[in-house]
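Please look at the sequence and the structure before reading on.

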Amino acid sequence: MTIKEAQELIEAWNEKHAVRNSELTGIALLTEKVGELARAVAVKQSEPIRHINGIPLSEEVAAIFWQLISFSSQAGIDLTSALIDDLERKNRTK
């Protein structure tokens, strides 16, 4: 799946389920998810993280990615273009 396909899939799911968060709510939800991951990393500094609050790490990271994509769509950001632009900027500065 491409980033564009993921963004379209999540936009369609949000539309189907009438999820219409404001940008403020979207960024708050994203911050909450990233905060949960940060707390888990801080607590388990010397050992690999496998779960966060009983949820597999892969599911938590996917939830963060989902929320990032959802927020980006709310803000009108094409993540594929944004990522390509960011990579080009990074390559110019290295």
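Contact means heavy atoms within 4.5 Å. Helices (H or I, at least four residues) and strands (E, at least two) are DSSP runs, numbered from the N terminus. This is a predicted model, in which local features need pLDDT of at least 70, side-chain atom pairs count only at pLDDT 80 or more, and totals for chains, interfaces and linings use all residues. Residues are numbered from 1 along each chain as its sequence is written, and side-chain values use heavy atoms, with hydrogens and water left out.

- Buried residues (under 20% relative accessible area, with exposed over 50% and partly exposed in between, for a 1.4 Å probe and protein chains only) of α3 are Glu-60, Ile-64, Gln-67, Ile-69, Ser-70, Phe-71 and Ser-72.
- Their cover includes α1, α2 (23-43), β1 (51-52), β2 (55-56) and α4 (79-93).

**The aromatic pair**
- One aromatic pair is found in a search of the whole structure (ring centres of Phe, Tyr and Trp, its six-membered ring, within 6.5 Å; planes under 30 degrees apart are stacked, over 60 edge-to-face, the rest tilted).
- Trp-13 and Trp-66 form this edge-to-face pair, with 5.3 Å centre to centre and 85° between the planes.
- Trp-13 belongs to helix α1 (residues 3-16) and Trp-66 to helix α3 (residues 57-74), so the pair ties together parts 53 residues apart in sequence.
- Trp-13 is partly exposed at 38% relative accessible area, and Trp-66 is partly exposed at 31%.
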